[in-house]
Amino acid sequence: MKQFDVPVFYRSPLISAIKRKRKEKDKLKKDFSPTFLDFGPVQIYLARHFGFCYGVENAIEIAFRTIDENPGKRIFLLSEMIHNPQVNKDLLSRGVHFLQDTHGRQIIAFEDLTPQDIVLIPAFGTTLEIEQKLNSIGIHTEKYNTTCPFVEKVWNRSEVIAKKAYSIVIHGKPTHEETRATFSHAAFNAPSVVVKNMAQTIELSKYITGEKSPGDFYTEFKGQYSEGFDITRDLDRVGVVNQTTMLASDTQAIADYLKQVMIEKYGLTKENLAERFADTRDTLCYATNDNQTSVSEMLETSADFAIVVGGYNSSNTSHLVELCEEKLPTYFINNAEKILSPDEILHYNFHTKQELLTRDFLPAHTPVKILMTSGASCPDALVERVIEKLTAFFKESSPLDTMVEHFL
Ligand code: SF4
């Protein structure tokens with residue numbers, strides 16, 4: 001895979017050494033077992049795959065290069081480059097401005113832009129409407145477009161489904177930048193509707209089966225369907241795509257559910273299923289798949305707790321947390337500072353969207369066994385700092401440098 005020029009302060013000597021070693025030993029990426037780091041009184045099991053993905057490294061490289069190559073120019077980011085507070089803070093400190101917040105609310109008016117300005121499109125991509133708006137101002141986005149190719153792949157998949165006259169059901173978070181962008185591209189080609197979870201899919205299905213009155217759809221799914229969507233007709237033939245960072249099992253369950261509803265409603269068989277339901281595999285990206293599979297395998301190891309590092313608004317990170325939570329106490333933190341002391345940790349509950357303080361998170365026994373991973377937008381340097389902080393609580397821990405040497 002292509003190597004990107006990412007600022008060295010996002011890298012970690014320890015994690016780079018581990019990743020290099022694991023890659024050398026497992027060129028075909030078949031081994032998803034965690035990496036065991038034995039510091040003595042603390043034992044850490046690091047997921048096989050975690051941290052910056054292709055799309056994030058690509059976006060960071062383009063953003064920092066744009067800053068270096070354009071001194072004196074006004075540079076704007078359409079919204080957060082990626083969902084990591086550290087990376088966004090670094091870009092802001094270099095003079096980059098945000099045009100919108102993560103929910104699409106305007107911070108700086110498009111009218112304030114001039115053709116001389118640079119606007120970076122984030123890794124999630126953007127809507128066709130915003131792209132047209134920028135072009136009409138005279139801002140050409142091609143050179144500064146960091147849209148991940150794996151997101152574009154979803155747009156292409158939607159186009160293929162649309163060409164075969166299927167409507168598109170998008171499994172994603174309706175307000176997430178990527179889902180808004182995918183929805184905009186899908187809606188350009190076919191009637192489209194977003195479902196955020198299985199509960200919404202079940203409700204949507206009731207309009208297919210006729211259990212719900214068609215008129216209610218427009219209120220129930222307000223803001224989640226394309227213009228002109230006709231509920232009495234547009235769910236006759238459907239195909240499912242998803243936000244690239246959803247939980248694989250959730251998307252599979254949603255697609256299976258819709259398929260079954262179509263089978264029952266139209267009395268379909270294997271042979272004629274395609275008349276009503278597009279046979280698509282999920283559109284999760286490779287990083288989401290690798291990271292989720294690595295966490296599932298890591299969870300085979302018994303441990304005292306898990307730590308997941310990443311931005312609190314990062315979709316892919318929250319799904320890793322979800323997987324860990326099913327098995328053991330899990331602390332979702334965005335940097336090492338959240339570990340306040342050997343007794344206290346501040347961590348995020350993404351279900352309630354609140355930061356919580358937990359006391360006595362470290363067990364009294366040794367060795368303390370910890371499972372650890374991070375999201376696709378989290379710099380490895382942050383994970384290393386978490387390891388450093390935890391091991392520093394135990395006097396007899398072997399030093400980090402010794403661990404680096406072990407993997408060289
Ligand atoms: S998580 Fe996947 S789709 Fe999103 S930026 Fe990374 S590689 Fe691209």
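**Cores, a helix and a buried serine**

In the largest nonpolar core, which has 65 residues, Met-81, Leu-120 and Ile-168 touch the most other members; a nonpolar core is a set of buried Ala, Val, Leu, Ile, Met, Phe, Trp, Tyr and Cys residues joined through C-beta atoms within 7 Å. This is a predicted model, in which local features need pLDDT of at least 70 and side-chain atom pairs count only at pLDDT 80 or more, while totals for chains, interfaces and linings use all residues. Residues are numbered from 1 along each chain as its sequence is written.

**Cores**
- A second, separate core of 43 residues includes Tyr-10, Tyr-331, Val-368 and Met-372.

**Helix 1**
- Helix 1 covers residues 13-25, where a helix is a DSSP run (H or I, at least four residues) numbered from the N terminus.
- Its buried residues are Leu-14, Ile-15, Ile-18 and Lys-19, buried meaning that 20 or more other C-beta atoms lie within 10 Å of a residue's own, with C-beta atoms placed from the backbone.
- They lie on the same side of helix 1, because they cover an arc of only 125° around the axis, taken from the directions from the helix axis to the C-beta atoms.
- On the other side of helix 1, Arg-20, Lys-23 and Glu-24 are exposed (12 or fewer such atoms).

**Ser-158**
- Ser-158 is found in helix 5, residues 149-163, and is buried because 26 other C-beta atoms lie within 10 Å.
- Leaving out residues up to four places away in sequence, Ser-158 touches Ile-168, Thr-182, His-185, Ala-186, Asn-189 and Val-241, contact meaning C-beta atoms within 7 Å.

Notes: Helices (H or I, at least four residues) and strands (E, at least two) are DSSP runs, numbered from the N terminus. Two residues are in contact if their C-beta atoms, placed from the backbone, lie within 7 Å. The expected span of a helix is 1.5 Å times one less than its number of residues.
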